[in-house]
Amino acid sequence: MCVYCDLWGDGMIWYLNPKNYPRHMYTLPKKDIAPKAAGGEADPAGYINAERSLVDALEKGPEEFEATLKLLRDGMDLMQGSVGGWMGQAVPLRDAEKMVEIASPKGLIACICRHHMLGREERTRPEMTCMGLGVGMLKWERWPERYKGGVYWVSTEEAKEWLRDLDKKGFMHSLMMFGPRFIGGICNCDYPVCDALAMRLDFGFNMLKGHHVAVVDYDLCNGCGICAQRCQFGALKMGVTQDKANIDQMRCFGCGLCETGCPRGAISLVERAKLPALQEVW
Amino acid sequence: MVDKSQLKIPRPIPVDLTKLPLKLPKIEIDYSKCTVPFWCKKCLQVCPQVVFQVYCKQLVKLRESDPREPGVYQVIAVRRDKCNVCNKCIDVCPEDAITITY
């Protein structure tokens, strides 16, 4: 069972539960909301220093590394301490489309990771690769210079089309949370430019795997190899012996990029909960 | 608020702890030479392993200053564990501000 579903799911997948969206957050008393929001207001120096302290600990030794990792994981999981940061979970395109149906308002914003990893400024709408959800986006519109380019409002249909476009390009979707529980946006990332993804794959924290895993139908697969180009996690490769796609489901994050990229519909997503050995692999 | 004991997320550590401590390359940046990294950003874009990160040191009411103003932004070598010492950043740096020792 997904930890977040357990805490906040109310019997359904937690990110499809309307209670976990910012609209509900603003109806709650202040003490129940996260102490400090991340996102545009987060100081990137805090996150960069956290990352740097992990790398420095690699040079010191196993005990120091484990201690640093534990400190950062606890801080990150609770969105407390100096780290700020964010949590997330991989979501397939179909679930991301359901999420933009639930959330409102929606706006396209600039990606903070690409801002400080590549020095890229996403000032115009076609460049923007991040989506903010909820009325917090009004602040981004009000002070565009503060929030690095402001926000472009989109309707539900436009948001879905934008998600499908990015999916076609090969961006992996994940949700991000500003504070525990409340979903603040949909990231579209790729390794290693995405900070959250790089930290998860290299150091094992921050982002959870999604609720699905991919399976290949060997009768339909013709071995074209498009899916292997799209996998961000090294989970999918072309099996040379069979000349068909081969998925390591232990590594699969369930992002569904291989499914949407397959021209023959040979790859499908199945629920992680239905596979007993994968139920606790997050 | 969330109770800390509830959030036990079983995520594996992908780092081989038995191999620590690692020997990592030391990347030093001379900030007297590198003054406008966000305007230049050549090392950020050339690095195949995305080792460098840039951030704004002077946030005034969360607003970032002009990237052309010297000393406002700072570039740091964060992911040194990824660096393969290809020295591309040294070649591309117009100010010769980067030194790598391994």
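**View 1. The surface and fold of chain A.** Chain A has an accessible surface of about 11,700 Å², with 54% of it belonging to carbon and sulfur atoms (areas come from the Shrake-Rupley method with a 1.4 Å probe; for residues, only the protein chains shown count as cover). What you see here is a predicted model, in which local features need pLDDT of at least 70 and side-chain atom pairs count only at pLDDT 80 or more, while totals for chains, interfaces and linings use all residues. Residues are numbered from 1 along each chain as its sequence is written, chains are lettered from A and ligands numbered from 1 in the order in which they are written, and side-chain values use heavy atoms, leaving out hydrogens and water. Eleven helices and eleven strands make up the secondary structure of chain A; helices (H or I, at least four residues) and strands (E, at least two) are DSSP runs, numbered from the N terminus. Of its 282 residues, 56% count as buried, meaning under 20% relative accessible area (1.4 Å probe, protein chains only). Among the contacts in chain A with a separation of 6 or more, 68% join residues 24 or more positions apart; contact means heavy atoms within 4.5 Å.

**View 2. Chain B on its own terms.** Of the 102 residues in chain B, 41% are buried. Chain B exposes about 5,800 Å², and carbon and sulfur atoms supply 51% of that.

**View 3. Where the two chains meet.** Here 55 residues of chain A are in contact with 40 residues of chain B. The area buried between the chains is about 4,400 Å², of which carbon and sulfur atoms give 63%; this is the accessible area (1.4 Å probe) that two parts lose on being put together, summed over both.

**View 4. Charged pairs and the chain A side of the interface.** Six salt bridges are found across the interface of chain A and chain B (a side-chain nitrogen of Lys or Arg within 4 Å of a carboxyl oxygen of Asp or Glu). Zoom in on A:Glu59 and B:Arg80, whose side chains meet in a salt bridge at 3.2 Å, N to O. Several elements of chain A each supply at least two residues of the side that touches chain B, among them α1 (3-8), α4 (62-78) and β7 (207-208). The largest share of that side, ten residues, comes from α3(A).

Note on methods:
Buried < 20%, exposed > 50% of the residue type's maximum accessible area, 1.4 Å probe, protein only.
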